[in-house]
Amino acid sequence: MLLLAVVAIFVLAFGAVVFIGAPYVPTLKKDIDKAFDDLYPVDSGDVVVDIGSGDGKVLRAAASRGARTLGYEINPFLAGISMLLSIGKPRISTRLDNIWVVQFPADTTLVYVFTTTRDAKRISQKIQNEVERIGTDLHVMSYGATLPGGTHQRTAGAHHLYLYKALHNKKPQV
């Protein structure tokens, strides 16, 4: 009976998330490394936000290059795995949260997203709203789907790099 309850919770956690965001599909480490080497060389001056951070693989890759990282994950199992794998790594933070209701840190420099075509327009609008709120331009790296907003800069494999510009110059809001 306990096993059935655990399986039901697991299926609900992974299945329900599909209606809110993208399903969990892990990115290959070699693809992340290539993107962080070729498209946007992440370094210690960066604050990387990962939308739907899954098990935290992107967070750990960016932190290994010196960046401060923050991942938002709605699936409690994946957020827990990310937190466990990041113990003792102060440059990595994972939050169990819904990306549609959070605010990016004012010092964010790069947003990473692995999305589907279904959610690309909504993700793009969320990012543009955050760019306007914090009042600074942001680079956005998308794995998989292309994004309808921002200025496309270049592509490497399945990764696309965009620049989202603040349309109104204002002081960042915290």
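**Salt bridges, sheet and helix packing in a predicted model**

The structure holds 9 salt bridges, a salt bridge being a side-chain nitrogen of Lys or Arg within 4 Å of a carboxyl oxygen of Asp or Glu. This is a predicted model, so local features need pLDDT of at least 70 and side-chain atom pairs count only at pLDDT 80 or more, while totals for chains, interfaces and linings use all residues. Residues are numbered from 1 along each chain as its sequence is written, and side-chain values use heavy atoms, with hydrogens and water left out.

One of these bridges joins aspartate 37 to arginine 65, with 3.4 Å between the closest N and O atoms. Aspartate 37 sits in helix α2 and arginine 65 in the loop between α3 and β2 (68-73), so the pair ties together parts that are 28 residues apart in sequence. Helices (H or I, at least four residues) and strands (E, at least two) are DSSP runs here, numbered from the N terminus. Arginine 65 is partly exposed, at a relative accessible area of 22%; on this scale buried means under 20% relative accessible area, exposed over 50%, and partly exposed in between (1.4 Å probe, protein chains only).

Next comes aspartate 107, which forms a salt bridge with arginine 68, the closest N and O atoms being 2.9 Å apart. That pair links distant parts of the chain, with aspartate 107 in the loop between β3 and β4 and arginine 68 in strand β2, 39 residues apart. Aspartate 107 counts as partly exposed at 36% relative accessibility, and arginine 68 counts as partly exposed at 37%.

Aspartate 137 and lysine 165 make another salt bridge, their closest N and O atoms lying 3.9 Å apart. Since aspartate 137 is in the loop between α5 and β5 and lysine 165 in the segment after β7, the pair ties together parts that are 28 residues apart in sequence. Aspartate 137 is partly exposed, with a relative accessible area of 34%, and lysine 165 is partly exposed as well, at 44%. Elsewhere, salt bridges that share partners join Lys29, Asp33, Asp37 and Arg65 into one network.

Back to helix α2 (residues 29-38): Ile32, Asp33, Ala35 and Phe36 are its buried residues. They cover an arc of only 165° around the axis, which puts them on the same side of α2; the arc is that of the directions from the helix axis to the C-beta atoms. The buried residues of α2 pack against α3 (57-64), β4 (110-115), β5 (138-144) and β7 (159-164), contact meaning heavy atoms within 4.5 Å.

As for the sheet, 7 strands make an open one, ordered β3-β2-β1-β4-β5-β7-β6 with mixed pairing; two strands pair if DSSP finds at least two bridges between them. Its edge strands are β3 (92-96) and β6 (151-156), each pairing on one side only. From one strand to the next, the twist averages 20°. β6 and β7 pair in the antiparallel sense over 5 bridges, and threonine 155 stands opposite histidine 160 in β7.

Helix α5 (residues 117-134) packs on the sheet, where it touches β1 (47-51), β4, β5 and β7, and its direction makes about 165° with that of β4. Axes are lines fitted to C-alpha atoms, for helices over the stretch in contact, and angles run from 0 to 180 degrees between N-to-C directions. Glutamate 130 is found in helix α5 and counts as buried at 5% relative accessibility. Neighbours within four places in sequence aside, glutamate 130 is in contact with Val102, Gln103 and Phe104.
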